[in-house]
Number of protein chains: 2
Amino acid sequence: MENSLRKELRDLPPSDPAVERLVEETIGRVADKWTMLLIEILTENECCRFGELARACTGISQKMLTQTLRAMERDGLVTRTVYPVVPPKVEYRLTDLGLGLSKAFCGVWLWAEANFGAIEQARKDYAEKQNQK
Amino acid sequence: MENSLRKELRDLPPSDPAVERLVEETIGRVADKWTMLLIEILTENECCRFGELARACTGISQKMLTQTLRAMERDGLVTRTVYPVVPPKVEYRLTDLGLGLSKAFCGVWLWAEANFGAIEQARKDYAEKQNQK
DNA sequence: CCCCATACTCTCTTTTTGGTCAGTATAATT
DNA sequence: AATTATACTGACCAAAAAGAGAGTATGGGG
């Protein structure tokens, strides 16, 4: 309908199936809770140490944090700067690529912010409907 | 910086931590490969039967398809209409909530479409850097 | 001499996820 | 009477993800 972004996307390529698969893979890789959270945190304070991220990212385990950051570094979303001091000091910040993704995610954050209540309601309705049967 | 959407989001609520958690949960729930794919398919042809979705969603197993669709129904993203005929006929379509999410995802699709090459390149560079050490 | 701090890494175990395959209901078709 | 079609459900099993907890390196402070 008036979904111009979607239209824009649809019109761009002749939907090469190989490209499509790559795009899907990319999304599968990037659309993950911790990645999204870390990107948000790094958008708000553009330079963070490991420990800061660990504190800001409530509930994440050290292992997951390391793992997620490594993957993000590998994919060019963040830079990792190691200062050869003791105790160690490592700084993370978004690359331009990461910043672009951050902007792309905005719409989803806003949607979630605006609609989590509706989802909760839908769940209640669904549960009730199930019980009636 | 000039990231107005992000700014908008930041300015909306006084960042209630409980709300924040709910938003994160919502995103964690919704930012999943199959959900995103199904939403895209249902955006393009607004009414689909189970079998059509199975064919359009290459690689998905019946089990995952059922599971994902049920979760989407429970969360109010799609409606499921059962026609009591033989053989069975079930139609799925996006709700307004689902359509909203589809629009929110647009930015991410476009980003992925535009940048999967950059990610691939970043991976190559990273691998090379690792090999040098 | 011992402990602290930081940013990890490694191992072990548990949990979650997802795939495969078999089964179901029943009207229409052969 | 057997087969087909559709949209599932359930059992079982393998693989992957994730948590917990211990270990590591080392300069500076007490």
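In this predicted model, the surface near DNA strand D is made up of 7 nonpolar, 4 polar and 4 charged residues. DNA strand D is surrounded by 15 residues, of which the closest are A:K63, B:Q62, B:R70, B:R80 and B:Y92. Of the atoms of DNA strand D that come within 4 Å of the protein, 60% belong to sugar and phosphate. At least two residues of this surface are supplied by each of α5 of chain A and α4 (50-56), α5 and β3 (89-94) of chain B. The largest share is that of α5(B), with 3 residues.

Individual polar contacts with DNA strand D involve both base and phosphate atoms. Phosphate oxygens of DNA strand D are approached by a polar side-chain atom of B:R70, at 2.6 Å, and by a side-chain N or O atom of B:Y92, at 2.6 Å.

Around DNA strand C there are 15 residues, and the closest are A:Q62, A:R80, A:P88, A:Y92 and B:K63. Sugar and phosphate contribute 61% of the atoms of DNA strand C that come within 4 Å of the protein. With A:P88, by contrast, a backbone N or O atom is 3.0 Å from a sugar or linking oxygen of DNA strand C. Two or more residues of the surface near DNA strand C come from each of α4 (50-56), α5 (62-74) and β3 (89-94) of chain A and α5 (62-74) of chain B; α5(A) gives the most, with 3 residues.

Terms used. Residues are numbered from 1 along each chain as its sequence is written. Chains are lettered from A and ligands numbered from 1 in the order in which they are written. This is a predicted model: local features need pLDDT of at least 70, side-chain atom pairs count only at pLDDT 80 or more; totals for chains, interfaces and linings use all residues. Side-chain values use heavy atoms; hydrogens and water are left out. A residue is near a molecule or strand if one of its heavy atoms lies within 4 Å of it. A polar contact is a pair of N or O atoms within 3.5 Å; within protein, one must be able to donate a hydrogen and the other to accept it, and residues adjacent in sequence count only if both atoms are side-chain atoms. Helices (H or I, at least four residues) and strands (E, at least two) are DSSP runs, numbered from the N terminus. Ala, Val, Leu, Ile, Met, Phe, Trp, Tyr, Cys and Pro count as nonpolar, Asp, Glu, Lys and Arg as charged, and the others, Gly among them, as polar.
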